[in-house]
Amino acid sequence: MMLNRKNTGPTGRLASLVAVTAAAALALTACGGGSGSTGGSSSSAAGGGGGDLKITFIPKQLNNPYTDVVLGGGKKGAQEAGFGSSQVVGPLEASASSQVSFINAETQAGTNVITIAANDPDAVCTALGEARSAGAKIVAFDSDTNPDCRDVFISQVVAKEVALIQTKLISQQIGGSGEIAILSATANATNQNEWIKFMEEELASNPAYKDIKLVAKVYGDDNDTKSFQEAQGLLQAHPNLKGIISPTTVGIAATARYLSTSAYKGKVALTGLGLPNEMRPFVKDGTVKEFALWDPAQLGYVAAFAGKALIDGKITGAEGDTFTAGELGERKVEKGGLVIVGPPTVFNADNIDKYNF
Amino acid sequence: MSETTSTSTAPAPMADSTKPLASEPKGKTGAARILASRDAVTIYALIAFLLYAAIAIPRFASPVTTGFLLLDVIPVLLIAMPMTLIIVTGEIDLSVASTAGLTSALMGVLWAGGMDIWLVLAISLLAGVAAGMFNGFLIAVLGLPSLAVTIGTLALFRGLALVIIGDNAVANFPKPLTAFFTSKLGGTGIPTVMIGVVLVMIFFGVLLHFTPFGRGLFAMGYSKEAAGFVGINVARSKFWLYVGSGAVSALAGIYWTLRYTSARSDNASGLELAVIAAVLLGGVSIFGGKGSIPGVIAGVLLIGTLNYALRLARVSDVVLITVTGLLLIFSVVAPSVGAAVKDWRHTRRVRRSFSQKAA
């Protein structure tokens, strides 16, 4: 405090000027690298064709293991589809408005295809509109935007199938009756909420599930610590809980970690959508019997090919359009500009070692 | 602001010496003082970075940048204005982002409930004022510490927002209104809403620098007791500052909602730290008593430009937050280091002058 009250003489001014310049210089060095490759984002020059076509992936957030696999597939797809360069940019936190400034920067950078997993279907709309009027094609993947704001939406699988497989798995694991809870990502995540809606409908309408009672829905915000604490809270608040469905890879891993070290291990069932590499130890130690997921790499892969098809004018996003997604073969655009990647896979102790993502 | 070097730092033995220390430099005055002040340094840094970005980053120098960049910084710019005044008095308001979120949630619910949009906006603004009055009551009337109170209301207002709107998001605001909030003034790229933002900046700038109320805030920042003795109504000043902060936070909440066309409970979360960082970078002392509105505007724009430019150059966000963090630490540490060096030289000079006398 005293230090701060003292008069800052010429030396002080000089020092702060030097400091600011130093920080700026640091930024400059970072910029220099940025044009080539920096951190998580790297540009890959395709071997042949493609020319100057640029594709950018904007995931919900960076540094999420699931996202990394999706983007790995996206990079591969972009290269095979013939894009000159592919970029990954995105926020560190999955909040609704954080993606907008990235879309703006891409608009200005003249990117040809923006591939986005929206944190909020509407918050990104204005920015995407500006990108489109600047000539960019918009491919939504993983989590849809408002349909008016994009050309096509690449969906993992039919949302209903994902929901049904999770309700089926939990029913099998708790023997068809008892209390269950859902631990989801953020309260506004479009895909999670759609699955939860289908799960609730299925639990209410299917007589096979009449003894299963959904007692709580909690949100871990796709944050490991928060999910862990929410799982802990769930089991404390509902002593009769028999099962948890976590339709998010961060949530299911955190919950499994909590269960595996608690007295509930083996007693409370856990299923949902998880990454085999993250869930392997918990399947092997008996915390988790079975969980599901599609191959996320295919999602990014198909998205890249859809982007190329849009630029080439092969598809417009209208129902019935078809395009070839590299080694995955032909994909069809369904009603509402929807492109389905494939059915979900169920992982258990028998098959989990065959997958590496 | 107006410290002179000698009064407090001169040692007591000076009393027996009739001659002043000849080599002791005097504090700068007038234009020289303003041109070399702490906030002027931020302004120079901003100009330097703008020049660099315009040259080195492709596509940076265009009206499109102005538009996108300003649209991004407007919420921070708005809230930084009352925050500057509050920090100058040596207090803090951490509840600003939650107030904005609360406003956003309220807007969503009222609009979805079928209320007229102008009435919705008026009620939301009043809600912000009420939130500010609540803070002001606890801090000014009950005399509780602002840090504790606003940490509490940070959670409380965010909680209320969740109670009001829950997990829902309301998006169907009137198209002409949301379009207005992203519209630009002709080909300049300057967003139309900047007119309102500039009015807010002028209001708080004049209030702080050209009114007795503003001078009183600086006095409070140095010593609340002393300010009270010279006739400044400390409690009343504080109360109105928090009301102002609540009102401006509500404006930021309304802007956020209509710009992103999405009313949600988690809107603007984390914004309070961005605002405080920008205010400190703009040369305001966290201990109070020092700071200026032009410096803060430069601070906000410097962080905003840095963010935008690095994003345009596709620098990863990890690097970006590290750079802004380092910049902030340097900007706070550098003047203190400078002051310490100066102090050391002063002491040495005094010692030398005494040893000469003794000889």
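Author: What follows is a walk through the pocket and the cavities.

This is a predicted model, in which local features need pLDDT of at least 70, side-chain atom pairs count only at pLDDT 80 or more, and totals for chains, interfaces and linings use all residues. Residues are numbered from 1 along each chain as its sequence is written, chains are lettered from A and ligands numbered from 1 in the order in which they are written, and side-chain values use heavy atoms, with hydrogens and water left out.

Rolling a probe the size of a water molecule over the atoms shows where empty space is left. Here the search runs on a 1 Å grid over the protein atoms alone. A cavity is a set of points where a 1.4 Å probe fits but cannot get out. A pocket is an open set with protein on both sides within 12 Å along at least five of seven lines. Lining residues have an atom within 4 Å of a point. A volume is the space filled by probe spheres set on the points, which are joined across faces, edges and corners.

Start with the largest pocket. Its space is about 1200 Å³. The lining has 38 residues. Nearest the centre lie B:Gly270, B:Leu271, B:Ala274, B:Asn307 and B:Arg311. Helices are DSSP runs (H or I, at least four residues), numbered from the N terminus. Two or more lining residues come from each of these: α4 (100-108) of chain A, and α4 (63-88), α13 (271-281), α14 (293-312) and α15 (317-358) of chain B. By class, the lining has 21 nonpolar, eleven polar and six charged residues. Nonpolar covers Ala, Val, Leu, Ile, Met, Phe, Trp, Tyr, Cys and Pro; charged covers Asp, Glu, Lys and Arg; the others, Gly among them, are polar.

Now the cavities. The whole structure has three of 30 Å³ or more. The largest cavity has a volume of about 230 Å³. Its lining counts 21 residues, and A:Lys60, A:Tyr66, A:Asp142, A:Gln192 and A:Asp222 lie nearest the centre. Helices α3 (65-81) and α7 (190-205) of chain A each supply at least two lining residues. The largest share, four residues, comes from α3(A). The classes are eleven nonpolar, seven polar and three charged.

The second largest cavity holds about 90 Å³. Its lining includes A:Lys60 and A:Asp222 from chain A, and B:Arg264 and B:Asp266 from chain B. That lining has four nonpolar, three polar and four charged residues.
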